[in-house]
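I opened my notebook to look through one structure, going from the backbone to the aromatic rings.

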Amino acid sequence: MSFYEPETIVCNGSLFRLYITKKQIDKRIEELADQINRDYEGKKPIFIGILNGAFIFLADLMRHVTIPCEVDFFKLSSYGDEKVSSGHVTELKDLDADVEGRHIILIEDIVDTGLSMRYMVGRIKAKKPASVTVVTLLHKPDATKHYVNVDYVGFQIPTLFVLGYGMDYAQEGRNLAQIYVINEESEVGPSPVIPDLAEK
Ligand code: IMP
């Protein structure tokens with residue numbers, strides 16, 4: 001079996017170029033999982049994936065988690081089919097798990113304006129968990145409009161539109177095994193930054 005990993009891809013009429021490779025993603029996910037294994041020893045957390053975008057990251061991350069844990073999903077929509085957030089969060093599916101008194105790890109593919117994650121944290125906190133931690137594969141810190149504390153970050157990126165590894169453009173492109181960036185100008189822009197987990 002081979003993964004779908006072209007160098008460039010046209011998605012809904014826009015050209016995207018390779019930005020973060022599968023190798024970089026895999027390495028970073030192992031580091032994040034190691035940290036979670038250490039921080040959650042003896043706690044049996046519930047991982048909550050925010051659908052749709054987080055499903056691939058969550059699946060890969062969880063397979064490196066060695067402590068007892070559970071999983072559930074929450075489904076939100078904030079982008080519609082556009083490249084910018086609509087500014088509204090629509091709740092499409094609530095949790096099934098009872099999170100009261102439990103340690104919750106929220107898993108997101110990307111935190112952009114912060115709207116979705118801020119909403120999620122509020123929604124989960126209202127259910128009285130023991131703790132809530134936020135994990136995102138990508139974070140666009142310069143795009144923040146709604147501040148939310150992000151505890152674990154895979155890569156910090158500039159305010160660029162990205163595709164693949166669960167992230168879509170008008171619902172397409174989630175099946176790409178690597179992360180691509182839109183080719184709006186000829187340059188890709190600055191490289192992603194890997195934050196130091198020790199600084200969290
Ligand atoms: P926020 O609410 O503005 O932080 O946006 C979060 C959600 O918007 C993510 O879960 C993604 O579904 C989507 N999103 C944000 N930036 C991108 C992007 O660059 N590519 C694809 N989806 C994105």
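The entries below record what I looked up, beginning with the backbone.

Before anything else, I noted that this is a predicted model.

Backbone, peptide bonds. I looked up the bond from Leu51 to Asn52 and found that it is cis, with omega near 5°. I then placed Asn52 in the loop that runs between strand 3 (46-51) and helix 2 (55-62).

Backbone, phi angles. I found that Lys128 has a positive phi of about 60°, although it is not a glycine, and I located Lys128 in the loop between helix 3 (115-125) and strand 7 (131-139). Is Lys128 buried or exposed? Its relative accessibility is 58%, and because exposed means over 50%, I wrote Lys128 down as exposed. Tyr165 is not a glycine either, and its phi is positive at about 50°; this residue sits in the loop between strand 9 (162-163) and strand 10 (179-182). With a relative accessibility of 4%, Tyr165 falls under the 20% limit and therefore counts as buried.

Aromatic rings. I searched the whole structure for aromatic pairs and got three. One of them joins Phe161 and Tyr169, whose ring centres are 5.7 Å apart and whose planes meet at 75°, so I recorded the pair as edge-to-face, since planes over 60 degrees apart count that way. Both Phe161 and Tyr169 are buried, and together with Phe16 they form one aromatic cluster.

Charge and ring. My last entry concerns Lys43, which lies over the face of Tyr40 at 5.5 Å from the ring centre.

Notes. Residues are numbered from 1 along each chain as its sequence is written. This is a predicted model: local features need pLDDT of at least 70, side-chain atom pairs count only at pLDDT 80 or more; totals for chains, interfaces and linings use all residues. Side-chain values use heavy atoms; hydrogens and water are left out. Helices (H or I, at least four residues) and strands (E, at least two) are DSSP runs, numbered from the N terminus. Buried means under 20% relative accessible area, exposed over 50%, partly exposed in between (1.4 Å probe, protein chains only). Rings of Phe, Tyr and Trp (its six-membered ring) pair if their centres lie within 6.5 Å; planes under 30 degrees apart count as stacked, over 60 as edge-to-face and the rest as tilted. A charge sits over a ring if NZ of Lys or CZ of Arg is within 6 Å of the ring centre and within 35 degrees of the ring normal.
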